[in-house]
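Subject: Structure handover

Hello,

Here is the structure for you to look over. Please open it alongside this note.

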Amino acid sequence: MASRGTTETSKLKQNLEEQLDRLMQQLQDLEECREELDADEYEETKKETLEQLSEINDSLKKIMSGDMTLVDELSGMQLAIQAAISQAFKTPEVIRMFAKKQPRQLRTRLAEMDRDLMVGKLGRDLYTQQKVEILTALRKLGEKLTPDEETFFSANAGAALSQFERVSTDLGSGDKVFALASFEVEKAKQ
């Protein structure tokens, strides 16, 4: 949903306006057919139609005043997290393991990277970037970092990772972060 709800809000508004028009026409038809209906049936139908009209009118007023939209605070938080994750995690493999809550696999990947750095198979910059990503993911998964890992993390964590730490902590629930990370995994696969 690239529009983040703006298209959907517009469509909702259009549907409500169409429903309002339909109910107004229903009232007009009811008045024209009044002679063919008994008094109780007429009153009941008119009352129901007026109630529906009132509900639709209230919804329309809320949308038009900006009080009701499909873009809400949760969507705003999701955008903030998505931005943070997309800046913080550049390695799809790390995003995938984080989303699937796989701390053991993250630790294994960290050990492989240490080995690859020692044998010259992995450059220092890429190693640092990926290690910081993995350490961030481990922290978010509730894993304890060793003192050496904490030192490395503190020395190398950039602004994007700090933003991710702050935003995800503000959320309170890791499940929302995991859901978004899962989304990022799917996006990275495409």
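Below is what was found, from the whole protein down to two residues.

First, the ground rules. This is a predicted model: local features need pLDDT of at least 70, side-chain atom pairs count only at pLDDT 80 or more, and totals for chains, interfaces and linings use all residues. Residues are numbered from 1 along each chain as its sequence is written, and side-chain values use heavy atoms, with hydrogens and water left out.

Overall fold. The protein has nine helices and zero strands. Helices (H or I, at least four residues) and strands (E, at least two) are DSSP runs, numbered from the N terminus. The pattern along the sequence reads α-α-α-α-α-α-α-α-α.

Surface and packing. The accessible surface is about 11,900 Å² (Shrake-Rupley method, 1.4 Å probe). Carbon and sulfur atoms hold 50% of that surface. Take the contacts (heavy atoms within 4.5 Å) with a separation of 6 or more: 71% of them join residues 24 or more positions apart.

Threonine 49. This residue sits in helix α2, residues 39-65. Threonine 49 counts as buried because its relative accessibility is 1%. Beyond its neighbours within four places in sequence, threonine 49 contacts Leu23, Gln26 and Leu27.

Valine 132. Look for this one in helix α6, residues 124-140. Valine 132 has a relative accessible area of 2%, so it is buried. Its C-alpha atom is 9.1 Å from that of serine 154, which is 22 residues away along the chain.

Best wishes

Terms used. Buried < 20%, exposed > 50% of the residue type's maximum accessible area, 1.4 Å probe, protein only.
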